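Please read the following account alongside the sequence and the three-dimensional view.

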Amino acid sequence: MNAPDRPGDFPARHRLTIPDVLKMQEAGILGPDHGCELIDGELLEMPSEGERHARLKLRLIRFFNRALGDDVDVGPDTTLWLADDQGPEPDLFLFPSTLGPAAVRGQDTLLVVEIADTSLRYDLGEKADLYRRFGVREYWVIDADASVIHVDLLDAGGQWAKRAPVGFDTAVTLSLLPVSVRLADLI
């Protein structure tokens with residue numbers, strides 16, 4: 001664990017790293033299903049998934065596994081190790097199967113997906129900015145309540161090129177893979 005940010009800071013903050021969190025899991029301080037993400041060195045507790053959220057995630061995982069074959073892996077609820085102090089756990093991310101999940105960095109991802117029912121503002125704001133800063137090239141926020149997908153694509157200048165909500169009844173084609181999905185067909 002790292003020292004407080006500055007001597008005399010009160011309350012003292014201890015910035016964590018992913019290795020720190022892994023040690024906490026090994027020691028039994030955090031369970032393997034702790035429901036937390038490491039963002040900017042702070043451990044953030046995430047809300048539990050509802051039934052609709054879980055069902056949509058499972059169907060997307062099944063769809064991508066079938067559609068993409070052996071060249072692309074799906075990381076469901078897996079830490080995306082963006083930096084030593086940045087370990088979000090998106091609902092799923094796609095990456096080349098030549099990489100192990102712990103080796104994947106933002107620019108290696110082919111798609112990062114967050115399914116939002118209670119976390120929409122966070123996923124569209126702070127989380128989108130985090131993924132952009134670390135080179136995630138395509139980011140979807142699926143708004144389960146409004147039945148739309150917010151699609152962000154990283155442009156050459158490192159900014160999100162578009163954020164266009166797309167209804168579940170419209171097919172969305174991934175920018176880096178020859179795959180289209182219509183969420184209405186999955187639910």
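This is a predicted model: local features need pLDDT of at least 70, side-chain atom pairs count only at pLDDT 80 or more; totals for chains, interfaces and linings use all residues.

The protein chain contains four helices and 10 strands, where helices (H or I, at least four residues) and strands (E, at least two) are DSSP runs numbered from the N terminus. Residues are numbered from 1 along each chain as its sequence is written, and side-chain values use heavy atoms, with hydrogens and water left out.

Of the 187 residues of the protein chain, 42% are buried; here buried means under 20% relative accessible area, exposed means over 50%, and partly exposed lies in between, with a 1.4 Å probe and protein chains only. The accessible surface of the protein chain is about 9,600 Å², and carbon and sulfur atoms account for 51% of that surface; such areas come from the Shrake-Rupley method with a 1.4 Å probe, and for residues only the protein chains shown count as cover. Among contacts in the protein chain with a separation of 6 or more, 49% are between residues 24 or more positions apart, a contact being heavy atoms within 4.5 Å.

By contrast, β6 and β7 run antiparallel and are joined by six bridges; leucine 153 in β7 is the bridge partner of glutamate 138. The hairpin of β6 and β7 has four residues between the strands, and serine 147 there takes a positive phi near 55°. Strand β7 (residues 148–154) pairs in turn with β8, in the antiparallel sense and over six bridges. In that pairing, leucine 154 has tryptophan 160 of β8 as its bridge partner.

How many residues of β6 are buried? Six of its six residues are buried. In a regular strand the side chains alternate between the two faces of the sheet. In β6, Glu138, Trp140 and Ile142 point one way, and Tyr139, Val141 and Asp143 point the other way.

The largest nonpolar core has 28 residues, and those with the most contacts inside it are Leu60, Phe64, Leu94, Trp140, Ile142 and Leu183. A nonpolar core is a set of buried Ala, Val, Leu, Ile, Met, Phe, Trp, Tyr and Cys residues joined through side-chain atoms within 4.5 Å. At least two residues of this core come from each of α2 (51–68), β3, β4 (92–96), β5, β6 and β7, and α2 supplies the largest share, five residues. Apart from this core lies another, of 17 residues, among them Leu82, Phe93, Tyr131 and Trp160.

Phenylalanine 64 is buried, with a relative accessible area of 0%. Leaving aside neighbours within four places in sequence, phenylalanine 64 is in contact with residues including Val74, Leu94, Trp140 and Leu174.

The whole structure holds four aromatic pairs; rings of Phe, Tyr and Trp (its six-membered ring) pair if their centres lie within 6.5 Å, and planes under 30 degrees apart count as stacked, over 60 as edge-to-face and the rest as tilted. The rings of phenylalanine 63 and phenylalanine 64 have centres 5.4 Å apart and planes at 65°, so this pair is edge-to-face. Phenylalanine 63 is partly exposed, at 21% relative accessibility. The rings of tyrosine 139 and tryptophan 160 have centres 6.1 Å apart and planes at 25°, so this pair is stacked. That pair links distant parts of the chain, since tyrosine 139 lies in strand β6 and tryptophan 160 in strand β8, 21 residues apart. Tyr131, Tyr139 and Trp160 form one aromatic cluster.

Technical notes. Two strands pair if DSSP finds at least two bridges between them.
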